[in-house]
Amino acid sequence: MRNVYKVLAYLVAIEVAVQAAVMVWGDAGMGKWIDEGGVLDKTLGESGEMPFPEFMGLIIHAFNGMIAIPVIALLLLISSFWAKVPGAGKAAGLVLLLVALQVTFGILGHNIPLVGAVHGLNALLLFTAALYAARRGAAVRVQEPQFAARG
């Protein structure tokens, strides 16, 4: 179960990195699309269409942030109870708390743009906390029984 805990913690960190990459990909594509004459308004999001290929980055960001990462963080917390890693529950609890804040900041950022900056900073905290949790799982060594040599 320790390996499950470690993999889930690393997976949260990887997903945070993916979030940054797909968001910038989507944002860059949107900027290019607007430069080429595209119009960005509320109907774009409600149309259900893919106005530019990089729009997929924004969709991936929303899915990962609202569904995938919270589920992984919850599984991390659950696995921490059986991982036999000192402090695993606290580390996983911190990751889950930061994920909950991240989702909240992401939602609020649509109405309060300054919260978007906090969303970005919290992502760095989440990435660090997930790596910390993963490294705790990696640092634990199972002690092998010592056998005395028979002569």
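Of the 151 residues of the protein, 34% count as buried, where buried denotes under 20% relative accessible area, exposed over 50% and partly exposed in between (1.4 Å probe, protein chains only). The structure is a predicted model, in which local features need pLDDT of at least 70 and side-chain atom pairs count only at pLDDT 80 or more, while totals for chains, interfaces and linings use all residues. Residues are numbered from 1 along each chain as its sequence is written, and side-chain values use heavy atoms, with hydrogens and water left out.

The protein contains five helices and zero strands, in the order α-α-α-α-α along the sequence; helices (H or I, at least four residues) and strands (E, at least two) are DSSP runs, numbered from the N terminus. The radius of gyration is 20 Å, well over the 15 Å that the globule rule gives for 151 residues, so the protein is more spread out than a compact globule. This radius is taken over C-alpha atoms, and the rule is 2.2 Å times the number of residues to the power 0.38. Along the principal axes, the C-alpha atoms fill a box of roughly 85 × 30 × 20 Å. Among contacts (heavy atoms within 4.5 Å) with a separation of 6 or more, 73% are accounted for by residues 24 or more positions apart.

A nonpolar core is defined as a set of buried Ala, Val, Leu, Ile, Met, Phe, Trp, Tyr and Cys residues joined through side-chain atoms within 4.5 Å. The largest such core has 25 residues, of which Tyr-5, Val-12, Leu-76, Val-95, Val-99, Leu-126 and Ala-133 touch the most other members. At least two residues of this core come from each of α1 (2-35), α3 (55-80), α4 (88-108) and α5 (113-139). Apart from this core lies another, of six residues, including Met-30, Trp-33, Leu-44 and Leu-58. When neighbours within four places in sequence are left aside, Ala-133 is in contact with Tyr-5, Ala-9, Ala-91 and Val-95.

Two further positions were examined individually. Gly-93 lies in helix α4 and counts as partly exposed, at 27% relative accessibility. Its C-alpha atom is separated by 34 Å from that of Ala-28, 65 residues apart along the chain. Lys-84 is placed in the loop between α3 and α4 and is exposed, with a relative accessible area of 75%. Most residues other than glycine have a negative phi. Lys-84, although not a glycine, has a positive phi of about 55°.
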